[in-house]
Amino acid sequence: LQGSGVPQSVADLVGARSLSVGSAHACVVKETGRVACWGSNGSGQLGTLTTLFAAAPLEIPDLTDALEVATGHAHTCVLHAGGTVSCWGSNVHGQLGDGTRSDSAAPVAVTGLSGVLGLAAGAGHTCALLSTGRVSCWGLNRQGELGNGDVEDSELPVMVDAVSHAVGLSAREFHTCTLLASGVVRCWGDNLRGQLGNGDSGDFASTPVTVVNLDDAIAVSAGQAHSCAVRASGQVMCWGANDAGQAGTDPALGWVLPTTVADISDAVGVAAGARTWTQAIWANTP
């Protein structure tokens, strides 16, 4: 396979409704409720019953009711129409949520989880937004990724401390952020680069901390070592690592505190990725 400097159409893929990209694989939910994945598959993260990589999308067998898909480093999870979740791929940290540490190349049900409205996957952990406004997470927890005040991995979902009335959720690498109905954002996990936005940096937080100077957010996105949020005004604020300018300002400066990105005033969404990019989403984006 060769890279390309210009956009390329994914072969034989039509009817895609949503997309999630992991470290070396990607998955889409189709309008039919089917899920198709492609890319690296050494841990079975494509869900195709094998560990062979795929250069073109392959549909997951017997999965027809997907609403959302979330991809981690080497695992994938899907939200079913009934509010339950299934996962597949690497399970070394329990990120499949089935009570085991065994990898699976086919979807397995997350144990004891229902009423799910949304999903987010980090490198080795997964979180679910529940209809109760709470958040539940499972998997890797060495840097407090599960937000339950512990640092032990969990093969089963555990409730995040001190989060209620959550309406949005985003995870990447080793931290997670949630948007509350009030417009407040709370984050937990790795904070070495200040990506939790609480005015501090170094080490981690095993329970959620409140992002400072931000009380009117309408969307949030966690990146590799930075995070961003859209405000009700349409402005975008970012915090955390900024060595490549991913916080939207002078790369010579690090931004532990949320800082407004210049020249953006009408955003409705934001996507924070690896250390080299952040993208604002406008209402009229094609």
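A disulfide joins Cys177 to Cys187, with an S to S distance of 2.1 Å; a disulfide is counted here when a pair of cysteine sulfur atoms lies within 2.5 Å. The structure is a predicted model, in which local features need pLDDT of at least 70 and side-chain atom pairs count only at pLDDT 80 or more, while totals for chains, interfaces and linings use all residues. Residues are numbered from 1 along each chain as its sequence is written, and side-chain values use heavy atoms, with hydrogens and water left out.

The link of Cys177 and Cys187 is right-handed, with 105° about the S-S bond. This pair links distant parts of the chain, with Cys177 in strand β14 and Cys187 in strand β15, 10 residues apart. Strands, like helices, are DSSP runs numbered from the N terminus (E, at least two residues, for strands; H or I, at least four, for helices). Both Cys177 and Cys187 are buried, where buried means under 20% relative accessible area, exposed over 50%, and partly exposed in between (1.4 Å probe, protein chains only).

Strand β14 (residues 175–180) runs antiparallel to β15 and is joined to it by five bridges; two strands pair if DSSP finds at least two bridges between them. Within this pairing, Thr176 stands opposite Trp188 in β15. The two strands form a hairpin with four residues between them, and Gly183 in the turn has a positive phi of about 95°. Strand β15 (residues 185–190) is mostly covered, with six of its six residues buried. Another partner of β15 is strand β16 (residues 204–210), paired in the antiparallel sense over four bridges. Here Arg186 stands opposite Thr210 in β16.

How many disulfides does the structure hold? There are five, and when the bonded cysteines are numbered in sequence order, the pairing reads 1-2, 3-4, 5-6, 7-8, 9-10. One of them is formed by Cys27 and Cys37, whose sulfur atoms are 2.1 Å apart. The torsion about the S-S bond of Cys27 and Cys37 is about 110°, so this disulfide is right-handed. Cys27 lies in strand β2 (residues 25–30) and Cys37 in strand β3 (residues 35–39), so the pair ties together parts that are 10 residues apart in sequence. Cys27 counts as buried at 0% relative accessibility, and Cys37 counts as buried at 0% too. Cys77 and Cys87 form another disulfide, with sulfur atoms 2.1 Å apart. Both Cys77 and Cys87 are buried.

An open sheet of four strands has the order β9-β10-β11-β12, with antiparallel pairing. Strands β9 (116–121) and β12 (154–159) stand at the edges, each with a single partner strand, so one side of each is left without a neighbour in the sheet. Strand β11 (residues 135–139) pairs with β12 in the antiparallel sense over three bridges, and the bridge partner of Cys137 in β12 is Val158.
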